[in-house]
Number of protein chains: 2
Amino acid sequence: MSRAGGQTIVYENPPVIAAHRGVAGRKEGQGPLAEWFDAILEDDLLGQKSWELAESEMVRRCARDTLDAAGLSAGGVDAVLGGDLNNQIIATTFAAKKLGAPFLGLYGACSTFVEALTLGAALISGGDLRNALCCASSHFCTAERQFRFPLELGTQRPPQASWTATACGCALLSGGGHGIQVTSGTLGRVIDLNITDANHMGAAMAPAVFDTLTAHLTDTRQSADDYDLIVTGDLGWIGRDLLLQLCRKAGVDMPADKLVDCGASLYSQAQDPHAGGSGCGCVASVSCSWIMKRIESGELSRVLLSGSGAMLSPTSSQQGQSIPGICYAVSLEGE
Amino acid sequence: MSRAGGQTIVYENPPVIAAHRGVAGRKEGQGPLAEWFDAILEDDLLGQKSWELAESEMVRRCARDTLDAAGLSAGGVDAVLGGDLNNQIIATTFAAKKLGAPFLGLYGACSTFVEALTLGAALISGGDLRNALCCASSHFCTAERQFRFPLELGTQRPPQASWTATACGCALLSGGGHGIQVTSGTLGRVIDLNITDANHMGAAMAPAVFDTLTAHLTDTRQSADDYDLIVTGDLGWIGRDLLLQLCRKAGVDMPADKLVDCGASLYSQAQDPHAGGSGCGCVASVSCSWIMKRIESGELSRVLLSGSGAMLSPTSSQQGQSIPGICYAVSLEGE
């Protein structure tokens, strides 16, 4: 058994990230992380006739470029693991169709990318797969009309609302070769502190992030000091503050300067993204560019990457249900 | 590496199904498989105030009873793997919240249950988990209003439409102990032969089932003769015929008397389910009761269980996109 106990798997044969790509939309490409992305879309419609097809095309291109960087054809991929926010994860499914590789569809809302890394690393470590392409995407225009309102309405958003990023991230995990090692993964439980405001994702997810981060540190007998950076995705500015409050209240040492949130880093406040970025693609894109490149350059050595999702649907919200959150985490280590 | 090559994983340490439960709704409990189910709902609303909450409660009860049968508490479960047809898989998420165990949300439409078995078995075989509760559900009333029309409209259905089963199935996979062995799993590719009729799921999925079944037989160097039964879920009567046609056309030997479809077995024609049963819960419930009990009794020795899903969303259909299918398969062997 390679489990550390609790919710954490310590991978016996840690896979490496053989290649990774972070793609950003136009607005995201005008933010503080612009220089880090591997590609910035000039047109968020990508020449397609719908936003949904555009999101799918973004995934396909990002996946293909990741495979190209690893010198692999789609036929050499044992499995694609991933998903997106669209109902029935159609963006990823239609991209997986074009790739032609075996596909494992996941849904963890904005936690999907780290869910994919956690699972993919386990499957490779256990010898069941040789490699796995982990991916997640989101698109502002597909998410707005599905979860909130048609864009054409120009609906005003409350200040605690997050901005769904148009972005995609892909990481190719491999059982051999060089790259960042994925050494452990912590599974998430569904945590619900009874937040019912569907515009307040940071508040809905912070308790789940707290639960998974503390489970990880406890399971692996570590503290925040053992990591150079603890990355969350995507709490936004408000959610990040709430996480720090939860840590303080519980007496968990979490230095604020070590806690970096992808959603709170993707945009500048001047871009008016309200509470910050969100969406499956935000943590995927930011971690596959900004975070992984800094590990590869040696600036960072050990990073705990977490991804959290708000598992609501418009139906559950309309029925007055609260918003459960979930969070997964993987530890990434430089060579 | 424990892979047989191609899309198939031959599990080095085959997990066993330590406990399993198949639950059916009222209509399903009046069909030909009534005597096999572990529970039949008296009321499809289960005392809840919405169909969505009822579906979630059905999952929770089925999961709890499965754990009880295995003598396990929710705290002893390493992970719950599963999903359902509701947007953002809320039925399973809300059930997982009440269980409190780590949760890995999956989406493979009606293939979700076998996707969960394939993944869960790999995670246990590789030593990453000690056990995994695999589950999937569907509910006629939640699916109708989400994918088709509000029930209150009484919309007429074309003859090729399938009937979404109100049903749930749970199987507890374990790394030790007695039970049916899960010896191999075949991952599915997204296959699309350009079916655009969202009422014709059998036609949309049959090519994916053909692809996965032939991949499984090729990868493991077996023929249909090596299995007592080849179970599909859920093609319905029309989809099953189409699968047999595809096999004949490709020269793949698939004896009709060996091919049993869960959707074509759940209802009698007299119950007017049109093309047969469908929904994540159909293959989950039927395989967790009818199929697994017959393996345990010794009537069946080796069964290939496949689950297929139509990966459409109302949005993709309304945008004129075709309906891609996907199919996973696991081989089950009696002790």
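Modeller: Arg221(B) sits in the loop between α5 (201–219) and β11 of chain B; helices (H or I, at least four residues) and strands (E, at least two) are DSSP runs, numbered from the N terminus. This is a predicted model, in which local features need pLDDT of at least 70, side-chain atom pairs count only at pLDDT 80 or more, and totals for chains, interfaces and linings use all residues. Residues are numbered from 1 along each chain as its sequence is written, while chains are lettered from A and ligands numbered from 1 in the order in which they are written.

Colleague: What does Arg221(B) count as, buried or exposed, and why?

Modeller: A residue is buried if 20 or more other C-beta atoms, placed from the backbone, lie within 10 Å of its own C-beta, exposed if 12 or fewer do, and partly exposed in between. Arg221(B) has 9 such neighbours inside 10 Å, so it counts as exposed. In chain A, Arg221(A) also has 9 C-beta neighbours inside 10 Å and is therefore exposed.

Colleague: What is the phi of Arg221(B), given that it is not a glycine?

Modeller: Phi of Arg221(B) is positive, about 50 degrees. Arg221(A), not a glycine either, has a positive phi of about 50 degrees.

Colleague: What makes the peptide bond from Gly233(A) to Asp234(A) cis?

Modeller: Its omega is near 0 degrees. Asp234(A) belongs to the loop between β11 (229–232) and α6 (236–250) of chain A.

Colleague: How do you know whether the radius of gyration of chain A agrees with that of a compact globule?

Modeller: The radius is taken over C-alpha atoms, and the globule rule is 2.2 Å times the number of residues to the power 0.38. For 335 residues the rule gives a value near 20 Å, and chain A has 18 Å, which agrees. Along the principal axes, the C-alpha atoms of chain A fill a box of roughly 50 × 50 × 35 Å. Buried residues are 64% of the 335 in chain A, which holds eight helices and 15 strands.

Colleague: Which domains does the assignment give chain A?

Modeller: Domain 1 covers 3–174 and domain 2 covers 180–333, with bounds from an automatic or database domain assignment. Their C-alpha centres lie 17 Å apart in chain A. Residues are in contact if their C-beta atoms, placed from the backbone, lie within 7 Å; in chain A, 63 residues of domain 1 contact 61 residues of domain 2. Helix α3 (residues 112–125) of chain A gives the largest share of the domain 1 side, eight residues.

Colleague: Why do you say the copies meet through the same surface?

Modeller: Of the interface residues of chain B, 100% are also interface residues in chain A, so the surface is the same. The contact takes 51 residues from each of chain B and chain A. Elements giving two or more residues to the chain B side include α2 (90–99) and α3 (112–125) of chain B.

Conventions. Two residues are in contact if their C-beta atoms, placed from the backbone, lie within 7 Å.
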